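This briefing is meant for a reader meeting the structure for the first time. Please look over the sequence and the model before going on to the points that follow.

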Amino acid sequence: MNAQEALEFAKKNDARQVDLRFTDLPGLSQHVSYPINMLEESSFEDGFGIDGSSIRGWAAINESDMLIIPDPSTIFIDPFAETRTVVMLGDIVDPITRQHYDRDPRWIAKKAELYLKNSGVADVAYFGAEAEFFIFDNIRFDQNAHSGFYFVDAEEGRWNSGREHNNLGYRPRYKEGYFPVPPTDHYQDLRSEMVATMLECGLNIECHHHEVASGGQCEIDQRFDMLVKSADNMMLYKYIVRNVAYQYGKTVTFMPKPLFGDNGSGMHTHQSLWRDGKPLFAGDNYAGLSQTALWYIGGLLRHARALSAIIAPTTNSYKRLVPGYEAPVNLAYSRRNRSAAVRIPMYSNSPKAKRVEFRPPDPASNPYLAFAAMMMAGLDGVINKIDPGEPLDKDIYDLSPEEMRKVPSMPASLDEALDCLEEDHAFLGKGDVFSEELIETFVGYKRKSEAEAVRLRPHPYEFALYYDI
């Protein structure tokens, strides 16, 4: 859809507001709204002025004037706004130089696609991400100088089985939520409405189901798309999931590990490269893969520890990525072992369906940065012909200690992941996709605002461990 068609779409749908959205560095969607009469054909070139000084990870206050340029191809009707509103994603531009802003995550993803085309290896990277989430009924948390706590509750939570009043049972047992029918699955209708809203907004949905954990863990699977489009879709997916739940008096979190002792939420990411309309990952090597696919896996595994800071970017991420709990922390590949970081799905023999699934990412990541970084790692593997080694098809729990020591693993903390990114990020800078300044800003923000902030605060469990010591 071009600018004129977007204006006609807004008029046809009797829009009264236009809402322009962009994404901050950590991955939270931001927006600014205008009366519809402010949107003209020239707006798609001139843009709208915004103040970027308060956006996390963005410019200092003396360089905060920016432009947001609407992308007409992303227009849709906001299904939640009482005032008829059209929504478009915007690209951030410097008002003086008219250059794209290097800290705009969407621009980084676009640069990754351009670099792929210029590499000659492929012209399209397809991404399909499975973002899991929890649906809760109540959430309380606070942290100050003398107290700190969190409390979550869900009608579906197994911990409510002993409740005296309003208790009809039918709750998934811990680690057994995958996937009984209603009434044990409390959220069939709620997910169905989420899916209906997604379809209405132009997303392509394949299926939905309850996930492994108790307490309302769910998954809705989108169909794969090109890198930037898939990241756009993930931001819309999160918006719809949160707002449909909110309308029902529920609250959704994409935190990787909100519950102790049950499964966390991942964002398993399927990816493949194509050229001239043909898949490049199908072949006659292991699990029906091509040599290109094996090299791509080699790149993912070689750079996985550095990628972790971007694809598992929170302190909470490393409550999920824990060895021995079926988490995908083992830096190996397999067609069947789900504890391996890279899995090769075997559901179809079609060359078009051949892909690799990278399992460490979680849905707290910024999809623009995460998808771009994964593609850059895989592409580096192809360009440099990185050997992924032998597959890990054994049960990880059957390996001897000597064998386990040979299998590298993901970092154990955000601090360690940030160290790995500082040591290994040259592959991200190819084609100036991730600038050195962007990496420094990202690492600095994560260290001070998250890793250090958590490390400085007493943990509630420390009182149980140490109060009487």
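**Salt bridges and cavities**

Arg 103 counts as buried, at 14% relative accessibility, in a model that is predicted. The side chain of Arg 103 meets that of Glu 437 in a salt bridge, 2.2 Å from N to O. Because Arg 103 lies in the loop between β6 (85-93) and α3 (105-119) while Glu 437 belongs to helix α12 (residues 436-456), the pair ties together parts that are 334 residues apart in sequence.

**Salt bridges**

- A search of the whole structure finds 25 salt bridges, and Glu 437, the partner of Arg 103, counts as partly exposed at 34% relative accessibility.
- Asp 232 and Arg 106 meet through their side chains in a salt bridge of 2.9 Å, N to O; Asp 232 lies in helix α5 and Arg 106 in helix α3, so this pair joins parts 126 residues apart in sequence.
- Asp 232 is buried at 8% relative accessibility, Arg 106 is buried at 5%, and both belong to a network of salt bridges that also includes Asp 71, Asp 91 and Lys 110.

**Cavities**

- The lining of the largest cavity, to which β7 (124-136) and α5 (227-247) each supply at least two residues, divides into four nonpolar, four polar and one charged.
- Residues lining the second largest cavity, among them Leu 25, Ile 310 and Phe 442, divide into six nonpolar, one polar and one charged.

How values were computed
Residues numbered from 1 in each chain as written. Predicted model: local features only at pLDDT ≥ 70, side-chain atom pairs only at ≥ 80, totals over all residues. Heavy atoms only, no water. Helix = DSSP H or I, 4+ residues; strand = E, 2+ residues; numbered from the N terminus. Nonpolar A, V, L, I, M, F, W, Y, C, P; charged D, E, K, R; others polar. 1 Å grid on protein atoms, 1.4 Å probe; cavity = no way out; pocket = protein on both sides within 12 Å on 5 of 7 lines; lining within 4 Å. Salt bridge = Lys/Arg side-chain N within 4 Å of Asp/Glu carboxyl O. Buried < 20%, exposed > 50% of the residue type's maximum accessible area, 1.4 Å probe, protein only.
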